Amino acid sequence: MTTVNQTAPSPAADAPAEASVSAPADAQAVLAEISGMLRTMLDEYGLDDIEVTMETRFTEDLELESIDLVTLAGSLEARYGRQVNFAEFVADLELDEIIDLTVGQLVEYVVRCLRAARER
Amino acid sequence: MAMIDTEHATDHDGPHTGTDGVRLHVQRLSPPDGRPPIATVVLIHGLLTDSLASWYFTVAPDLAAAGLEVVMYDQRGHGRSERPGSGYRLDTFVTDLARLLDRLDITGPVHLVGNCFGGTVAFAYAMRHPERVAGIAVIEAKPATESWLTEISGILRRVEEELVVHEAESLAWVSAHRGAHTARLAKSAARLVRTTTIAEDVPASQVVSEEQVRAMRCPVLAVYGADSELAGQQRWLEAVLPGARTVVLPGQGHSVLAEAPTRIRELLLSWIDEREREHGRHAATGAPAAGAALEADA
């Protein structure tokens with residue numbers, strides 16, 4: 001069984017002032033969701049005691065390969081529907097940047113998408 | 001994640017069906033806002049260290065945004081698809097593609113785009129099912145000629161030696177010199193070679209003669225990196241298929257798809273756009289007839 005420990009994310013320093021109150025709570029919830037998705041995936045690889053934080057890197061720390069990120073994109077769509085478009089997110093990134101992605105970068109993107117969807 | 005079981009597919013393959021069905025991982029991207037697609041493009045990845053992720057994280061989202069229905073799949077043994085113990089001759093990969101398109105109810109002519117071994121699959125598919133292909137675009141690839149077989153057999157022998165016999169040392173070297181992600185891919189490749197007959201099967205593939213390639217009527221775009229060992233392939237292809245369009249990208253090597261995705265995207269979009277215009281298919285799909293139909297938003 002994989003243990004996924006969650007560490008409370010620190011609010012982004014450059015977050016807009018009006019968002020700074022709700023951002024950590026949103027991010028916390030999204031981090032918990034993504035950690036759950038990663039736990040399922042890592043279980044399949046038989047990996048134990050992996051700590052997932054905002055700083056965790058998908059490749060370097062979790063030993064995920066690019067195809068696992070595609071699977072993660074599917075899980076994100078299943079959870080959040082079309083509000084979160086992973087393909088759009090990665091379209092703006094170079095392959096190297098995708099490989100170096102941190103969980104936090106993805107969490108922040110999902111939070112931004114959810115906030116935008118609420119404001120529509 | 002869609003898993004397509006090719007086992008129960010309609011069988012169009014006649015004498016070629018020496019293969020068992022396998023479960024293949026498929027990802028599709030459609031044009032945004034429910035626009036009807038201009039055409040369908042199927043992206044085919046390479047051998048051993050590759051998966052559909054190489055498309056998903058490079059050109060696939062842009063191709064969908066430009067109005068194409070994009071189909072990507074992990075070939076047998078790769079990515080998230082099933083990894084049967086045997087059945088890895090080129091013909092089997094081609095049969096998988098035919099069955100996959102049947103299962104997805106994609107009946108009209110499609111554009112195939114193949115990277116490296118995926119390009120060899122595209123050539124073989126177009127030769128076996130010419131009526132089902134609108135055109136092929138291959139990146140760093142050649143058809144399954146005798147010289148292809150010699151090269152791929154050599155690569156597989158080297159992989160077996162380095163990744164399977166000396167796995168730990170090789171992976172440590174890859175990790176130190178090529179980074180953690182490449183090492184992770186190499187580890188998957190080692191598992192594929194160790195647990196299946198792929199290293200014996202691919203070299204046992206049936207080859208095609210120069211005459212058979214010459215007889216191809218399907219439009220062909222072939223892209224090579226100028227610094228790649230395959231760059232010389234351009235001249236051969238131009239001689240054998242005078243109608244083919246070849247492009248050599250300066251300063252690029254074998255991994256041109258990963259290194260120059262913007263250039264590859266532009267080449268693919270204008271290639272597919274031209275083929276569709278030739279067949280007057282744009283009007284049928286309701287897409288703008290001129291100019292902006294397949295423009296990439298650069």
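Reply: Helix α6 (residues 167-178) of chain B packs against helix α7 (residues 180-195) of chain B at an angle of about 155°, and their axes are 7 Å apart. Helices here are DSSP runs of H or I with at least four residues, strands are runs of E with at least two, and both are numbered from the N terminus. Axes are lines fitted to C-alpha atoms, for helices over the stretch in contact, and angles run from 0 to 180 degrees between N-to-C directions. The angle therefore makes α6(B) roughly antiparallel to α7(B); the classes are roughly parallel under 35 degrees, roughly antiparallel over 145, roughly perpendicular from 65 to 115, and oblique for the rest.

The crossing of α6(B) past α7(B) is right-handed, meaning that the near helix is turned clockwise from the far one by less than a right angle, anticlockwise being left-handed. On the α6(B) side the contact uses E167(B), L171(B), V174(B), S175(B) and R178(B); on the α7(B) side, A180(B), T182(B), A183(B), A186(B), K187(B) and A190(B). Contact requires C-beta atoms, placed from the backbone, within 7 Å. By class there are six nonpolar, two polar and three charged residues, where Ala, Val, Leu, Ile, Met, Phe, Trp, Tyr, Cys and Pro are nonpolar, Asp, Glu, Lys and Arg charged, and the others, Gly among them, polar.

The model is predicted: local features need pLDDT of at least 70 and side-chain atom pairs count only at pLDDT 80 or more, while totals for chains, interfaces and linings use all residues. Residues are numbered from 1 along each chain as its sequence is written, and chains are lettered from A and ligands numbered from 1 in the order in which they are written.

Another pair in the chain is α3 (residues 90-103) and α4 (residues 117-128) of chain B, which pack at about 70° with axes 9 Å apart. These two helices, α3(B) and α4(B), are therefore roughly perpendicular. Their contact involves L90(B), F93(B), V94(B) and L97(B) of α3(B), with T120(B), V121(B), A124(B), Y125(B) and R128(B) of α4(B). Seven of these residues are nonpolar, one is polar and one is charged.

A124(B) also lies 8.6 Å from V208(B), C-alpha to C-alpha, although 84 residues separate them in sequence. V208(B) sits in the loop between α8 (198-201) and α9 (210-214) of chain B. V208(B) counts as buried because it has 21 C-beta neighbours inside 10 Å; the cut-offs are 20 or more for buried, 12 or fewer for exposed, and partly exposed in between.

Overall, chain B has 13 helices and eight strands, and 48% of its 298 residues count as buried.

Technical notes
Contact = placed C-beta atoms within 7 Å.
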